[in-house]
Amino acid sequence: MSDKDLLSKDKNIEEMVLESPQGDKIPEDYQLVYEKPTTLTDTRFHYCPGCGHSTVHKLLGEVFQELDIQENTIGVAPVGCSVFAYDYLDIDMQEAAHGRATAVATGIKRMLPDKYVFTYQGDGDLAAIGTAETIHTINRGEAILIVFINNAVYGMTSGQMAPTTLPGMKTTTSPYGRDISLVGSPMKMCELIAPLPGAFYVTRQSVHTAGNVRKTKKALINGFKYQKYRKGTSFVEIISNCPSNWKMTPLQSNKFIETDMLEYYPLGDVKVPSREEIKELDAKEGNK
Ligand SMILES: Cc1ncc(C[n+]2csc(CCOP(=O)(O)OP(=O)(O)O)c2C)c(N)n1
Ligand code: SF4
Ligand SMILES: [Mg+2]
């Protein structure tokens, strides 16, 4: 299909949006209850239906808008399914080589300390090829936010086993299920990095239910807000769906998160500053 055909196809799709699914014209008194955040571009996501990356991108867009930090935020995109995050998030972004996002973010934050800096990384990127960068960045307590998307596989390259793949879980490189006697146990990144002195805020959330999506948004807001204290690194792990490589429907993948993923990766805060600490820091910095 030529580019011209594709464009006219797009145009038809846009025209259809003005109609309800039944083909009715949308009435003039239609009340808008939700709008795409202005901090997302108009580029259509390439993610598979039910993919957790889409939900997290939407949340990031909402957070930039609500905190009014669009102009002051710099993101670092990974290699993985979210490699095109820079096409979707309407902020300054830098692409990093596979696994090196936190090293790149370190350089950016040190040169531009007043900017909000975050990395967005999958489990292959952060917990396999980038393990060294991840641990050293947090150990140094770089004042950045690390957003860690744990979908238990290398999504982009067709679902190979990742360090986070569950025991017994079938992937393209563990067709009989992950054998922990051969390849070790899945890495619990939050629990691994929380004891590091540079870790300021460590939490594990998910995006498989509406309630969990709201909690994830709160965690992302904390991760951005805490940067102003310069007290260490914030790490938000998000348990995320990869229906395509899990060979499930989006609904089945939500269920799999509930029954299997969360059993191994319990949700909740792993390391948080106390209320008193936050109060003191706010008073000291003159922050609200
Ligand atoms: C140096 C290097 N090694 C390997 C690859 C191949 N590669 C691309 S993406 C990827 C895994 C990505 O998995 P993950 O970080 O979990 O992201 P997901 O796609 O699951 O979101 C790999 C191994 C690469 N691009 N560069
Ligand atoms: S392969 Fe998995 S992680 Fe990648 S876009 Fe599809 S559902 Fe998302
Ligand atoms: Mg992955």
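I began with ligand 1 and found 18 residues around it, of which Gly80, Cys81, Gly122, Gly124 and Gly155 come nearest. Here a residue is near a molecule if its C-beta atom, placed from the backbone, lies within 6 Å of it. The elements that give two or more residues to this shell are helix 5 (123-129) and strand 5 (153-154), and helix 5 has the largest share, four residues. I take helices (H or I, at least four residues) and strands (E, at least two) as DSSP runs, numbered from the N terminus.

This is a predicted model, in which local features need pLDDT of at least 70 and side-chain atom pairs count only at pLDDT 80 or more, while totals for chains, interfaces and linings use all residues. Residues are numbered from 1 along each chain as its sequence is written, and chains are lettered from A and ligands numbered from 1 in the order in which they are written.

**Ligand shells by class**

I sorted the shell of ligand 1 into eight nonpolar, eight polar and two charged residues. For this count Ala, Val, Leu, Ile, Met, Phe, Trp, Tyr, Cys and Pro are nonpolar, Asp, Glu, Lys and Arg are charged, and the others, Gly among them, are polar.

Around ligand 2 I listed Tyr47, Cys48, Cys51, His53, Cys81, Asn151, Gly155, Met156, Cys242, Pro243, Ser244 and Asn245. Helix 10 (residues 243-246) gives this shell its largest share, three residues. By class I noted seven nonpolar, five polar and no charged residues.

**Valine 79**

I placed valine 79 in the loop between strand 1 and helix 3. Valine 79 counts as buried because it has 21 C-beta neighbours inside 10 Å. The cut-offs are 20 or more other C-beta atoms within 10 Å for buried, 12 or fewer for exposed, and partly exposed in between, with C-beta atoms placed from the backbone. Leaving out residues up to four places away in sequence, valine 79 touches His98 and Asp125; contact requires C-beta atoms, placed from the backbone, within 7 Å. Valine 79 and histidine 98 are 19 residues apart along the chain, and their C-alpha atoms are separated by 5.0 Å.

**Core**

I looked up the largest nonpolar core and found 63 residues, those with the most contacts inside it being Val147, Phe148, Ile193, Phe235, Val236 and Ile238. Such a core is a set of buried Ala, Val, Leu, Ile, Met, Phe, Trp, Tyr and Cys residues joined through C-beta atoms within 7 Å. Checking isoleucine 193, I found that it touches Ile135, Ile138, Ala199, Val202 and Phe235, not counting residues up to four places away in sequence.

**Helix 9**

Helix 9 (residues 210-225) has 16 residues and spans 23 Å from first C-alpha to last, close to the 22 Å expected at 1.5 Å a residue. The expected span is 1.5 Å times one less than the number of residues. I marked Asn212, Thr216, Lys217, Ala219, Leu220, Gly223 and Phe224 as its buried residues. Seen down the axis of helix 9, they fall within an arc of 165°, so they line one face of the helix; the arc is that of the directions from the helix axis to the C-beta atoms. The face turned away from the buried side of helix 9 carries the exposed residues Ala210, Gly211 and Arg214. The buried residues pack against helix 2 (52-67), strand 3 (116-122), strand 4 (145-150), strand 7 (199-206) and strand 8 (233-239).

**Helix 2**

Among the buried residues of helix 2 I noted His53, Val56, Leu59, Leu60 and Phe64. What covers the buried residues of helix 2 includes strand 1 (73-77), helix 3 (85-88) and helix 9.

**Helix 6**

In helix 6 (residues 131-140) I found Glu133, Thr134, Thr137 and Ile138 buried. Seen down the axis of helix 6, these residues fall within an arc of 120°, so they line one face. They pack against helix 4 (101-111), helix 5, helix 8 (189-193), strand 7 and strand 8.

Most residues other than glycine have a negative phi. Serine 158 lies in the loop between strand 5 and strand 6 (160-161), and lysine 247 in the loop between helix 10 and helix 11 (250-264). Serine 158 counts as exposed with 12 C-beta neighbours inside 10 Å, and lysine 247 is exposed with 11 other C-beta atoms within 10 Å.

Technical notes:
Contact = placed C-beta atoms within 7 Å.
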